[in-house]
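Subject: Model for your files

Hello,

Here is the structure we spoke about, sequence included.

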Amino acid sequence: MRIGYQLFSMRTNLDWPELPQKYIDEAINSKFELIHTPSILYWAPTSFVTSDLYRKISSKYRCGAGYFLNPPHTLYDWHIDNKRSCAINWVIKSNTKCMTLYREPIPEGITKEGKKLLYNLTEVLYNGHKPTLLNTKKEHCVINNSDDNRIILSVTIFDTTYEDALLFLKDMNV
């Protein structure tokens, strides 16, 4: 079924323990620097890169990690990541007015000047402080329509496919 394929190819909640409190505290107290405009996104380094879990992942894949902050009332606009294949994200600070969305054009939808105007949307449903693997090669955006910052820990995985990373991560002993 097409919908099942779409969900499999976009995001999967991983059945791992919750993110330890020390990383949540570190993220909340981090100094973030602006890394992307015109869609506003801030980044801060993380000590997660010294964790056993990060070492296990990086023993198989080339990785990077950091905290990302979306300020209040911002859109990190629709995009496909250039360099990273997928990302493991832990939501640290968020609320019901924050969301990550994927979109795919509706084939029979309206087209104007060669551009699709109608899309099927899929919201990423995070599971508390547990990780979610995202396919960053699919078009996605982040909306923070709240009065507070949205913060995540993101482990970037390079040089593989989402599907290969998912198979490895699901079988990993965490």
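Lys130 and Asp15 meet through their side chains in a salt bridge, with 3.6 Å from N to O; the term stands for a side-chain nitrogen of Lys or Arg within 4 Å of a carboxyl oxygen of Asp or Glu. This pair links distant parts of the chain, 115 residues apart: Lys130 lies in the loop between β10 and β11 (132–135), and Asp15 in the loop between β1 (11–13) and α2 (21–28). Asp15 is exposed, at a relative accessible area of 72% (buried means under 20%, exposed over 50%, partly exposed in between, with a 1.4 Å probe and protein chains only).

Please note that this is a predicted model, in which local features need pLDDT of at least 70 and side-chain atom pairs count only at pLDDT 80 or more, while totals for chains, interfaces and linings use all residues. Residues are numbered from 1 along each chain as its sequence is written, and side-chain values use heavy atoms, with hydrogens and water left out.

By the salt-bridge rule, the count comes to six. Another of them joins Arg62 to Asp159, whose closest N and O atoms are 2.8 Å apart. Arg62 is partly exposed, with a relative accessible area of 48%, and Asp159 is exposed at 59%.

Arg84 and Asp81 also form a salt bridge between their side chains, at 2.6 Å from N to O. Arg84 counts as buried, with 17% relative accessibility, and Asp81 is buried at 12%.

Now the sheet. Four strands make up an open sheet in the order β5-β12-β7-β10, and their pairing is antiparallel. Strands (E, at least two residues) and helices (H or I, at least four) are DSSP runs numbered from the N terminus, and two strands pair if DSSP finds at least two bridges between them. At the edges are β5 (74–79) and β10 (119–123), each of which pairs on one side only. On average, neighbouring strands of this sheet are turned by 25 degrees against each other, direction ignored (axes are lines fitted to C-alpha atoms, and angles run from 0 to 180 degrees between N-to-C directions).

Between β5 and β12 (residues 140–144) there are four bridges, in the antiparallel sense. Thr74 has Asn144 in β12 as its bridge partner.

Regards
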